[in-house]
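Hi,

Here is the structure I said I would pass on. Please have it open while you read; my notes follow below.

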Amino acid sequence: MKMLEIRNLTKIYKGGKKAVDSLNLTVEAGEICGFIGHNGAGKTTTIKCMTGILEFEEGEIFIDGKSVRKEPLACKSRFAYLPDNPDLYEYLTGIQYLNFIADVFGISAADREERILREAGDFEMTQALGDLISSYSHGMKQKLAIIGALIHEPGLLILDEPFVGLDPRAVLVLKEKMHRICREGAAIFFSTHVLDVAERLCTRAAMIREGRLVAEGTMEELTKGGTLEEAFMEVEEYGKTDSAVK
Amino acid sequence: MGRQILLLSRLSLMNLFGINELLHTKNPAKKWKYLGMGLVYTMVLFVFGGYLALFSYGMIQIGMGELLPMYLYTMVSLVILFFTFLKAGSMIFEPRLFELQIPLPVSTSAIMISRFAASYLMNVLLGFFVMLPGAVVYGIFLPISVSFCTSLLLGMLVLPLLPMTLASVAGAGISAVTARMKHKSLGEAGLMLLFILAICFFPFLLPKDQNITVDLLKPLLLQMTELMGRIYPPSLLFDQAVCGNWLSLFWLTAGSVLISVLFLLGLRRVYPGICRSLAVTSTKNKFCMKKMKRSSVRTAFWKRELRRYFASGIYLVNTVIGYLMMALMALLLLIAGPEKMDAYLPIGGGAVVVMPYIMSFFASVTTTTACSVSMEGKNWWIMQTLPVSAGDVMKGKLLLNLTVAAPFYAVAGICTWIAVKPDPVQGILMLLLPAAYIMFTAVAGLSVNLLFPVFNWESETRVVKQSASVMVTMIVGMVSVVIPVICLFTIKNAVPEILMGINGAVLLILTVILYVRNSRITLQKIK
């Protein structure tokens, strides 16, 4: 089942810069797809188009079979998004923020209590939930944003550089959770610069360069016995890898 | 240190009114938006300047031209005192900027002085814009000398120093007191409101033997300016200086500079402490999960808006002041009795007719919605990615405004009702008209903010006080009240109840149109 399908996505910024150019991509349920590219390649722009933050000129994006353009609310209720810099409501306490998210997603009182306790416990955040978010460190905000993304059990998790700012234990917890979510039938699409993490975590990866998808496939298809780093450098140097991969 | 102050002041000024973004943005839509805002500011300045020129001309025509310099000087000082006070906490003691600047190899004094300097430059400009039209009219109709021009120029340069110092002392005091409080913003807002009310109602507290009569405009103005000189001696010094008294000019200049320097020297010791304590947030040692409750989306948004509102002192003070004045005016009417108001009104009906418009005026000058979208700031992505419609987001913002306005409206309504004892029709209209204005201004404020949103801000002052949306909403609110009032006073044999009814109906239609439009907006397009 396709959880994410991007067809010919083109995003042109005002001023004429083509940030994403005819991008096609599919992520099936149960897959973890890494989105890899250099700075300014178009990763965050693609993600912002998927999540409804940015409008796009051409193409179509489907989340769980629903069009982001035609049924934005239905799409948004199926995915959870974690931005690269989690700017959260600093005037709320951690628990107020999570309660707000739970209200918006219509989670029952019993379910939210159980999920918040579980997720916050896993990320060692329970004790801090009564504090204002403004008193949190960057890593704590990141953890809270992750908890907020997980409590409504999304079908698709869209993460922009999710490991930046997390402590080693939280990275491990997040990786385990990502595996568990996928085993339960959801899909994960995340951008990263850390190729080692992507190589060990992802079932497939997509590489983007100057807004164009230059390589995509399973890890075996991309690395061909080598490493993801070698494949990425090859893409960076020659523009694309084996055409069969794309 | 001079270079450091210069660099930091330049940095502060670059961020004012989004000038830097206008110069460097590659987004043509944003450029047009900023140009539109610039146009609004220019128009406001021209209207204000025109009003002051006319006022000055009027003063000269009734033979009171000599009082003009003193009068304008005091007015500008009061305006600066008022606005600097509201900004002092967020501009001079802004903890976020302090955190950004303190790791740089610059002295704490340089940071403090640069912020004071940036504020000073803005106030000098404000002073010029207010004083200049009056000075030009004065120059055209009355003989002027070299001493007049010199004193005017020097006076305008030193004018902001004293009110700024006074406002900063109050701001520093409030920041120091509230820094230790658990609910800093609420404490800060409360003290700020007290200070503002003290400024507004100070003339009422003066002893009765001042014998201010309002029988004639001329003696009233004479006594007012005399009073100004006693309350605020620099205005008297300025008045004497423009008349050729060089010693007064010296005392005015030296006194203003000296007091400001002494203030800055004193503040230097406590400045870092105040900034740091404002940034510190308390943390609890243990958190115990309580039984959770599920709320509807609308309630969740309303609660979030309420928390946002009470977390920001500057947001609260700047948006509640109109409603507070509305309630206080009604209370004043109840205490003083409607007969005093009736005696000065040129139309029949008196307080019962005018009071709904006075209430409506105060209800229209401030609204929480005019900067509520901008206040989302860097959190706007959350609204854009949650599965909620624009209507839900907007309803939350409107509900907040109604929640804030409701208690003040209730007090104002009850007090006015008891004071003027209207008949049933008048009573209903008296309550409905201000209510219609509260709703209209809330919806209009939201519409304007959706047109001119500013998300990229470091300090809340940028959106609460310096944004075009707040200014445009204020103008729209004022104009919407002034037009029917003009009709009321100018249309012969007009039945006030019918005019009020038409007024309310027009407002209702406009409110519905804007509400529907706001609810259908695409959140992605708001950036």
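This is a predicted model: local features need pLDDT of at least 70, side-chain atom pairs count only at pLDDT 80 or more; totals for chains, interfaces and linings use all residues.

**Domains of chain A**

Domain 1 brings 10 residues to the contact and domain 2 brings 12. On the domain 1 side, helix α6 of chain A (residues 168–183) gives the largest share, with 4 residues. That side of domain 1 of chain A is made up of 6 nonpolar, 2 polar and 2 charged residues.

**Where chain B meets chain A**

Now the contact between the chains. Chain A contributes 36 residues and chain B contributes 30. Three elements of chain B each give two or more residues to its side: α3 (28–61), α13 (297–310) and α17 (380–385). The largest share comes from α13(B), at 5 residues. By class, the chain B side has 12 nonpolar, 9 polar and 9 charged residues.

**A helix in chain B**

One more item: helix α19 of chain B, residues 424–451. This helix has 28 residues. How far does α19 of chain B reach from its first C-alpha to its last? The span is 41 Å, close to the 40 Å expected at 1.5 Å a residue. α19(B) is also mostly covered, with 22 of its 28 residues buried.

Best wishes

How values were computed: Residues are numbered from 1 along each chain as its sequence is written. Chains are lettered from A and ligands numbered from 1 in the order in which they are written. Two residues are in contact if their C-beta atoms, placed from the backbone, lie within 7 Å. Ala, Val, Leu, Ile, Met, Phe, Trp, Tyr, Cys and Pro count as nonpolar, Asp, Glu, Lys and Arg as charged, and the others, Gly among them, as polar. The expected span of a helix is 1.5 Å times one less than its number of residues. A residue is buried if 20 or more other C-beta atoms lie within 10 Å of its own, exposed if 12 or fewer, and partly exposed in between; C-beta atoms are placed from the backbone.
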